[in-house]
Amino acid sequence: MALSCVLVTATVINAANPARAGNDANFVLYNQHLEEKGETEIEVFSDFAQVGQGEKDYTTQLFEIEYGVTDLWTTAVYLEGAKTYGENYDYASFRFENRVRLFKEETFFNPVLYAEYEQKEPESRFITSVVGRTDTPEGPAGTEHELETKLIVGHDITDRFNVAFNWINEIKFDNGVWSFGYAAGFNYVLIKSGLEAEEDAREKAESERWDLEKLTLGVEFYGGIGDSVRGLTFDSDKTQQYAGVNLEAEFENHLHAGIGGAFGLTKDSQDAILRQTAGYEFE
């Protein structure tokens with residue numbers, strides 16, 4: 001859930017300190033970093049939500065396999081399972097995601113194009129983005145087929161501080177309605193270990209592989225900004241808006257784990273969501 005510098009010196013620093021692809025510490029906000037060619041990442045995300053407004057709380061998990069097709073193209077497949085309290089744990093969604101970076105060299109805000117096909121059951125609850133308005137009537141419950149696209153821009157202000165913005169578009173194939181949203185925020189590396197030569201790393205004892213490589217703070221804001229039926233709006237009475245604060249730890253053995261909280265800022269938003277993730281990156 002980082003961004004690159006236009007300055008040559010920052011480019012050199014970033015080459016020596018690669019960021020984990022996609023989100024870094026955040027859960028919704030994407031940055032311009034992709035997997036390197038041939039790298040594979042597996043990850044499990046978990047949400048535990050207090051919905052509020054008299055609605056039942058829920059838990060949901062998203063299982064991901066992500067692969068670097070080239071240095072400029074990363075693809076991923078997701079499967080979701082969800083359980084609303086008092087009901088059974090069910091299959092909830094399938095998602096197929098692709099991110100393509102437009103320029104290999106560092107450019108200002110490094111644009112990335114994102115496209116994701118989503119097949120979502122009524123049980124789907126995991127929040128990967130927020131779009132639309134809450135005052136637009138929903139259709140009957142059933143399997144939904146959607147295409148979500150994003151323009152992702154980001155920039156590495158320093159080797160520790162990254163900012164990003166996502167413009168989000170989503171179309172439902174069953175009714176042709178377009179919905180819009182955004183995500184914005186930053187990642188800041190709180191702790192970063194010194195880099196070691198590859199041959200020295202191979203000689204480490206097994207116990208040392210759990211040494212902390214990096215600890216990153218992520219802050220993100222995201223929400224809906226309207227649709228093609230009733231128009232664009234930031235009205236707090238007609239949209240869901242969230243703020244998230246997250247931490248992610250990366251270890252020398254390529255494992256990473258994160259925890260965060262998302263908090264609703266408007267009356268139609270969920271009250272609070274505990275978010276967790278754990279994954280492994282194969283190089």
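**Note on the salt bridges of a predicted model**

1. Glu-146 is buried, and Lys-120 is buried as well; the term denotes under 20% relative accessible area, against over 50% for exposed and partly exposed in between, with a 1.4 Å probe and protein chains only. This is a predicted model, in which local features need pLDDT of at least 70 and side-chain atom pairs count only at pLDDT 80 or more, while totals for chains, interfaces and linings use all residues. Residues are numbered from 1 along each chain as its sequence is written, and side-chain values use heavy atoms, with hydrogens and water left out.

2. Glu-146 and Lys-120 form a salt bridge, their closest N and O atoms lying 3.6 Å apart; the criterion is a side-chain nitrogen of Lys or Arg within 4 Å of a carboxyl oxygen of Asp or Glu. Because Glu-146 belongs to strand 6 (residues 144–156) and Lys-120 to strand 5 (residues 112–120), the pair ties together parts that are 26 residues apart in sequence. Strands here are DSSP runs of E, at least two residues in length, numbered from the N terminus.

3. A salt bridge also links the side chains of Asp-268 and Lys-267, at 3.3 Å from N to O. Asp-268 is partly exposed, at 21% relative accessibility.

4. One network, joined by salt bridges that share partners, comprises Glu-80, Arg-95, Glu-118, Lys-120, Glu-144, Glu-146 and Lys-172.

5. Glu-106 and Arg-101 are paired through their side chains in a salt bridge of 3.2 Å, N to O. Glu-106 is partly exposed, with a relative accessible area of 27%, whereas Arg-101 is buried at 9% relative accessibility.

6. By the stated rule, the count is 17 salt bridges.

Key. Helix = DSSP H or I, 4+ residues; strand = E, 2+ residues; numbered from the N terminus.
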